[in-house]
Amino acid sequence: MEDNMNGIEEKKKPKYNVPAVDSAFKILTLLSRKKFSKSNLTEISKALSLTPTTCFRILQKLEELSIVRFDKSSKRYSLGPYLVVLGERAKENQFDISVIIPYLESLSEKTGLTAFLVSRIGKKRSTIIAKSEGEEFGINVSVGRHFSVIDGSYGKCLLAYMEEEDAVELLHTNEGLRTMSSEEIQELIKELPTIRENGYATTFGEYIDGIVGISAPLFNTDGSVDMAISIIGMTAQFNDKEIVKMGELIKRVGQEVSFKISGYVSKK
């Protein structure tokens, strides 16, 4: 009984929270968006629901570190020059991406579709971190664009391999591209075991009208998933057989990439 109680207490143990770090990251993310790429203090604090005083203090520190730049004439902030250095260092040290990009290019060549890599960021967001656009039927996607972690076929992959209670909680926040009813949430929850069984996830116009998405998970050494490899095209290009064929293709690619980056061997 005591062991069970210890297990419960362990599960409920709160994670550390550092508000200033969280707010600084939100500011940088906001400034990375085209609409807010040059914003004043009022615009930033309002968009992020931060007090102007807190926002100003964080911006001052980020400016001091050259992580953001302040234009005195316009009174506006933008991303700073030191982020270029950090970005280059990240690319040099990011072995995973250098391994994955050739696979994205191969998928684009074979299918004529746009292939891209999505990575989870924190608990609720994901972002595109690499892409290869197909020459025949390529749909433009933007590297660095953020989504809710529940969005798209890549979101389904992430949901399928996380703890069920976490997946249910995220789905009920309804912060994605579409607002789902309780019935739709339950249907998606029921679909998650099938996604794990198949090894890939699909969407067919339910997130973005006319767009089909097919994604496969990329596994870490422990079998967890925080990245997915995806292809997207127009719904008019696909029938059920073609979707299954594409799903099996991207599943095989995902398995090969997972082995190369983490040594993980799929049991299916």
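Student: How many residues line the second largest pocket, and which lie nearest its centre?

Tutor: Happy to! A word on conventions: this is a predicted model, where local features need pLDDT of at least 70, side-chain atom pairs count only at pLDDT 80 or more, and totals for chains, interfaces and linings use all residues. Residues are numbered from 1 along each chain as its sequence is written, and side-chain values use heavy atoms, with hydrogens and water left out.

The second largest pocket is lined by 20 residues, and Phe25, Lys26, Thr29, Arg125 and His146 lie nearest its centre. Here a pocket is an open set of points on a 1 Å grid over the protein atoms alone, where a 1.4 Å probe fits, with protein on both sides within 12 Å along at least five of seven lines; lining residues have an atom within 4 Å of a point. Its volume is about 640 Å³, meaning the space filled by probe spheres set on the points, which are joined across faces, edges and corners.

Two or more lining residues come from each of helix H2 (19-31) and helix H3 (41-48); helices are DSSP runs of H or I with at least four residues, numbered from the N terminus. H2 contributes the most, five residues.

By class, the lining holds eight charged, six polar and six nonpolar residues. Asp, Glu, Lys and Arg count as charged, Ala, Val, Leu, Ile, Met, Phe, Trp, Tyr, Cys and Pro as nonpolar, and the others, Gly among them, as polar.
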